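Trainee: I would like to learn how to read a protein model, from the whole chain down to single residues. Could we proceed step by step?

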Amino acid sequence: MAKKAAASKKDKALMTTEHLSRFTEYDIHLFREGKHYALYDKLGCHKMEHNGAKGYYFAVWAPNAQYVAVVGDFNEWNKSSHAMHPRWDGSGIWEVFVPEAQQGHLYKYWIESRYHGYRMEKSDPYAFRWETPPNTASVVWDLDYAWNDHAWMEKRKETAGRPQPYLVYEMHIGSWKRVPEDGLRSLSYRELKEQLPPYLTEMGYTHVEFMPVMEHPFYGSWGYQVTGYFAPSSRYGSPQEFMELIEALHQTGIGVILDWVPSHFPADGFGLVYFDGTHLYEHADKRKGYHPDWQSMIFNYGRNEVKSFLISNALFWLDKYHADGLRVDAVASMLYLDYSRKHDEWLPNKYGGRENLEAMAFLREFNIACYSQHTGIQTIAEESTAWPMVSRPTYIGGLGFGMKWMMGWMHDTLDYFHLDPVFRQFHQNQIAFSIHYAFHENFMLPLSHDEVVYGKGPLIDKMPGDEWQKFANLRALYGYMYAHPGAKLLFMGGEFAQTREWNHDSSLDWHLLELPLHRQMKHWVATLNHLSKNEPALYELMFEPSGFEWIDLHDAANSVISFLRRGSTNADDVVVIVCNFTPIVRENYRIGLPYGGQWQEVLNSDGIEFGGSGIGNNEALHAEEIDVQGRQFSVSIQLPPLGVIYLKRA
């Protein structure tokens with residue numbers, strides 16, 4: 001009898017004809033077409049008044065469920081108290097209004113599938129807040145916030161499309177700093193609000209890139225195994241406290257880029273996987289729906305409702321959190337059907353190829369939506385192959401990203417600097433090769449977290465030689481990097497030569513700044529940042545071949561390269577860069593210059609203030625009419641050991 005009564009209650013819930021009015025017919029049409037880009041205003045949990053009562057409205061997409069209920073603190077997690085009602089239109093959306101629900105209550109959805117007897121409590125895919133891991137419940141929460149970053153947002157609109165420097169500090173929130181007095185816990189969003197903006201301002205960065213802040217159950221995934229796509233991690237505070245952090249960064253002139261992970265999601269039972277007893281968000285066939293590298297699930301980009309979910313999520317962070325950019329993780333794994341798979345572990349596309357046509361279409365649609373709805377933002381692809389036109393407009397066949405990580409430059413450059421300088425003369429092409437393709441895309445040069453984990457060691461340990469030479473090499477690497485065309489990204493700790501491999505369970509080694517060489521390295525990176533912001537030649541044409549000219553790339557015997565960067569505002573605005581990648585001082589080294597007159601050294605990685613030996617060109621340099629390297633004018637300079645110098649007309 002008890003079972004019969006329970007079934008009768010379910011039938012009554014399913015036959016209910018009274019529906020809430022949060023969705024319009026047009027909403028449902030857009031959702032089905034994959035064109036609803038604001039689902040975060042519709043699905044999930046939202047405060048509302050219904051029939052004179054105040055409470056919360058819940059809506060979830062579960063088209064293959066036969067019974068859905070919302071369970072939580074407000075009903076003692078009773079699966080029969082608040083049965084949800086399926087919409088009459090066949091959209092698969094279930095709704096209910098709960099007057100007893102209050103902000104802060106925990107909740108989940110109880111889902112009984114039509115298939116296989118599947119029953120499971122699921123967290124809300126659209127929840128704005130989650131319990132602090134390892135707990136997994138969703139939290140009833142509002143995103144009300146009075147933003148005070150209007151000046152930043154207006155300036156972002158006004159400067160959209162204009163050349164501007166991108167000097168990015170990549171960081172992992174949980175391990176930037178820890179609090180020794182409180183069990184070495186991570187800083188909260190509010191503590192970061194006080195400490196991070198002044199640090200980035202001092203260092204001269206234009207942007208900070210947060211590794212994924214979206215809620216993730218396993219801290220050791222660094223945020224790349226996301227379950228709460230619409231919620232910043234509660235490990236560090238509330239959604240509003242994360243907004244405060246972004247607002248404080250904006251108020252000090254720092255843009256915010258968020259890592260975004262549409263490539264895969266974890267197989268935790270409370271999450272998206274097998275959501276309503278079917279493969280709703282992921283492909284059913286493991287050859288398309290399972291990622292062998294990360295043991296995670298791959299989104300079904302061809303399903304319209306899934307496209308709406310993902311693009312809504314991207315726009316959510318740009319809208320509700322005022323993010324200035326999204327760095328899209330693992331794009332290569334999305335584009336290739338055979339990515340990291342053996343020959344019999346993947347399915348070709350309809351033309352027999354390995355390109356994922358559905359992912360291509362999704363990425364184009366994502367980029368069009370982001371740029372059309374939010375002026376002045378950037379989307380950045382972490383794409384590690386030679387896929388063409390990643391950062392070219394969709395209307396000419398590109399994927400539509402604003403920038404792409406220059407992984408080839410990173411690998412070649414680190415391999416080159418790892419060499420003992422005596423062997424570098426045989427690898428001159430390795431350090432110069434990146435210019436051959438530097439303008440095929442809008443590139444960002446990354447020295448990211450991936451280069452200092454999994455036994456790779458810190459950047460300083462990749463440099464050869466004794467302690468002085470290691471630091472000189474690293475300064476030279478940074479000096480060359482900042483002179484190279486493209487935007488720049490450096491992972492936290494690299495700015496002061498962290499000596500341990502990055503560990504997400506501990507703080508950076510800030511005590512190293514008590515040592516002169518580390519303190520001087522930090523000063524060098526800050527100086528590079530500030531100069532790069534103030535010299536138009538170093539950023540105005542960073543994506544254009546007209547902004548770069550080789551002076552000499554053929555002096556392999558001395559392991560010296562020289563080139564110039566040029567601005568667009570003033571054609572005569574030129575910075576000349578000369579790099580000596582050996583510990584040998586080059587006296588009376590003559591290089592060709594584009595103009596005569598007086599020149600001066602404006603930056604030298606071997607400066608005493610940076611920990612160098614102080615060899616350089618302190619006096620004004622007069623360019624003579626002596627033809628060198630095919631140029632009418634030239635100057636004789638002193639090249640410091642393992643040094644990079646920047647010259648500019650006086």
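**Reading the chain, then its residues**

Mentor: Let us start with chain contacts. In this predicted model, 72% of the protein chain's contacts with a separation of 6 or more join residues 24 or more positions apart.

Trainee: What is the secondary structure of the protein chain?

Mentor: The protein chain holds 13 helices and 31 strands. Its radius of gyration is 28 Å, close to the 26 Å from the globule rule for 650 residues, so the chain is as compact as a globular protein of that length. Along the principal axes, the C-alpha atoms occupy a box of roughly 100 × 60 × 45 Å.

Trainee: Which residues of the largest nonpolar core touch the most other members?

Mentor: That core comprises 189 residues, and those touching the most other members are Phe58, Tyr169, Trp176, Phe210, Tyr281, Tyr478 and Tyr646. A second core, separate and of 19 residues, has Val574, Val578, Tyr589 and Ile591 among its members.

Trainee: Let us turn to single residues. Where is leucine 39 found, and is leucine 39 buried or exposed?

Mentor: Leucine 39 sits in the loop that links helix H2 (25-33) to strand S1 (44-50). Its relative accessibility is 0%, and because buried means under 20% relative accessible area, leucine 39 counts as buried. Apart from neighbours within four places in sequence, leucine 39 is in contact with Phe31, Tyr126, Ser308, Phe309 and Ser312. Methionine 521, by comparison, is 482 residues from leucine 39 in sequence and 47 Å away in space, C-alpha to C-alpha.

Trainee: Which residues is tyrosine 236 in contact with, leaving aside neighbours within four places in sequence?

Mentor: Those contacts are Ile173, Gly174, Ser186, Leu187, Ser188, Tyr189, Tyr219 and Glu241. Tyrosine 236 belongs to the loop between strand S15 (228-232) and helix H5 (239-251), and at 8% relative accessibility it counts as buried.

Trainee: Backbone geometry is my next topic. Is the peptide bond from proline 133 to proline 134 cis or trans?

Mentor: That peptide bond is cis, and its omega is near 15 degrees. Proline 134 is located in the loop between strand S8 (129-130) and strand S9 (138-139).

Trainee: What is phi of serine 559, and where does serine 559 lie?

Mentor: Phi of serine 559 is near 55 degrees, which is a positive value in a residue other than glycine. Serine 559 lies in the loop from strand S24 (548-555) to strand S25 (560-566). With a relative accessible area of 1%, serine 559 is buried.

Trainee: Is asparagine 588 buried or exposed?

Mentor: Asparagine 588 is exposed, its relative accessible area being 64%, and exposed means over 50%. Asparagine 588 is part of strand S27 (residues 586-593). Its phi is positive, about 50 degrees, although asparagine 588 is not a glycine.

Key: Residues numbered from 1 in each chain as written. Predicted model: local features only at pLDDT ≥ 70, side-chain atom pairs only at ≥ 80, totals over all residues. Heavy atoms only, no water. Helix = DSSP H or I, 4+ residues; strand = E, 2+ residues; numbered from the N terminus. Rg over C-alpha atoms; globule rule 2.2 N^0.38 Å. Contact = heavy atoms within 4.5 Å. Core = buried A, V, L, I, M, F, W, Y, C linked by side-chain atoms within 4.5 Å. Buried < 20%, exposed > 50% of the residue type's maximum accessible area, 1.4 Å probe, protein only.
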